[in-house]
Amino acid sequence: MSEVNDIKKYLIELGASKVGYADVDGLANEFIDLPNGISIVLKLPKRAMDMVKEEEYEEYWKCFHSQIDRITEIALKGEEYIKDLGYDAFALTMKRNECNMEKLLSILPYKTIATKSGLGWIGRSALFVTPEYGSAVCLGAILTDMPLDFDEPITDSECDECTNCQDACPVDAINPQKWNDRLNREDIIDIEACSTYIIDQYKAGLGCTKCMSECRLTQEYLKK
């Protein structure tokens with residue numbers, strides 16, 4: 001299926017770090033006519049983690065949001081590319097996905113599409129983790145009716161016995177339970193404690209990204 005290879009190649013050429021395909025049929029009623037998902041991973045620049053270490057949060061958030069803008073542009077161009085092939089497509093951008101910041105919820109979580117695409121797993125922190133970049137990534141997606149060769153889903157955590165993110169959490173929001181796709185988010189993290197702290201920090205011009213920066217695989221990425 002050359003079209004499938006072409007869209008992946010196109011998204012990588014636009015700057016995506018990783019791309020995968022998933023069956024998302026029935027996961028969100030709003031997108032029932034678009035049963036196939038394309039997950040897009042964009043690594044964060046290493047300097048962003050330096051900003052976290054130095055507590056330069058204003059600069060960090062500028063860098064982070066510039067990456068969100070970049071992955072949004074990649075997804076929108078991918079949507080256009082697929083439509084030009086004669087299929088329907090919908091770039092699942094942050095604005096279109098209606099993220100609820102108080103509950104940290106979206107209509108169709110990017111992490112769900114990404115794990116079903118085999119690009120990584122959910123860490124103890126409930127952040128998406130890749131073997132190449134740890135948690136230092138942002139995610140995007142495209143939904144489509146274009147036929148795709150689905151990748152093998154990842155259904156269990158590969159964090160092994162690492163508890164770096166749990167140990168680093170300033171509000172003890174992370175539970176000992178490791179993720180698998182049979183669990184609810186509440187089984188691995190106290191999302192109310194997490195979101196309240198994050199929102200308060202953000203309003204103060206600060207941030208809380210310790211679970212991201214202390215992830216063992218994030219640290220390995222920074223050393224490469």
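## Largest cavity

The lining of the largest cavity comprises 8 nonpolar, 4 polar and 2 charged residues (Ala, Val, Leu, Ile, Met, Phe, Trp, Tyr, Cys and Pro count as nonpolar, Asp, Glu, Lys and Arg as charged, and the others, Gly among them, as polar). This is a predicted model, in which local features need pLDDT of at least 70 and side-chain atom pairs count only at pLDDT 80 or more, while totals for chains, interfaces and linings use all residues. Residues are numbered from 1 along each chain as its sequence is written, and side-chain values use heavy atoms, with hydrogens and water left out.

Of the 14 lining residues, Val-129, Cys-159, Cys-162, Cys-215 and Arg-216 lie nearest the centre of the largest cavity. A cavity is a set of points, on a 1 Å grid over the protein atoms alone, where a 1.4 Å probe fits but cannot get out; lining residues have an atom within 4 Å of a point. The space in the largest cavity is about 130 Å³.

## Second largest cavity

The second largest cavity has a volume of about 40 Å³. Among the residues that line this cavity are Asp-25, Gly-26, Phe-31 and Leu-143. Its lining divides into 8 nonpolar, 1 polar and 1 charged.

## Aromatic contacts

Tyr-60, Trp-61, Phe-64 and Tyr-202 form one aromatic cluster, where rings of Phe, Tyr and Trp (its six-membered ring) pair if their centres lie within 6.5 Å; planes under 30 degrees apart count as stacked, over 60 as edge-to-face and the rest as tilted. Both Tyr-60 and Trp-61 are buried (under 20% relative accessible area, with a 1.4 Å probe and protein chains only).

Terms used: Buried < 20%, exposed > 50% of the residue type's maximum accessible area, 1.4 Å probe, protein only. 1 Å grid on protein atoms, 1.4 Å probe; cavity = no way out; pocket = protein on both sides within 12 Å on 5 of 7 lines; lining within 4 Å. Points joined across faces, edges and corners; volume = space filled by probe spheres on them.
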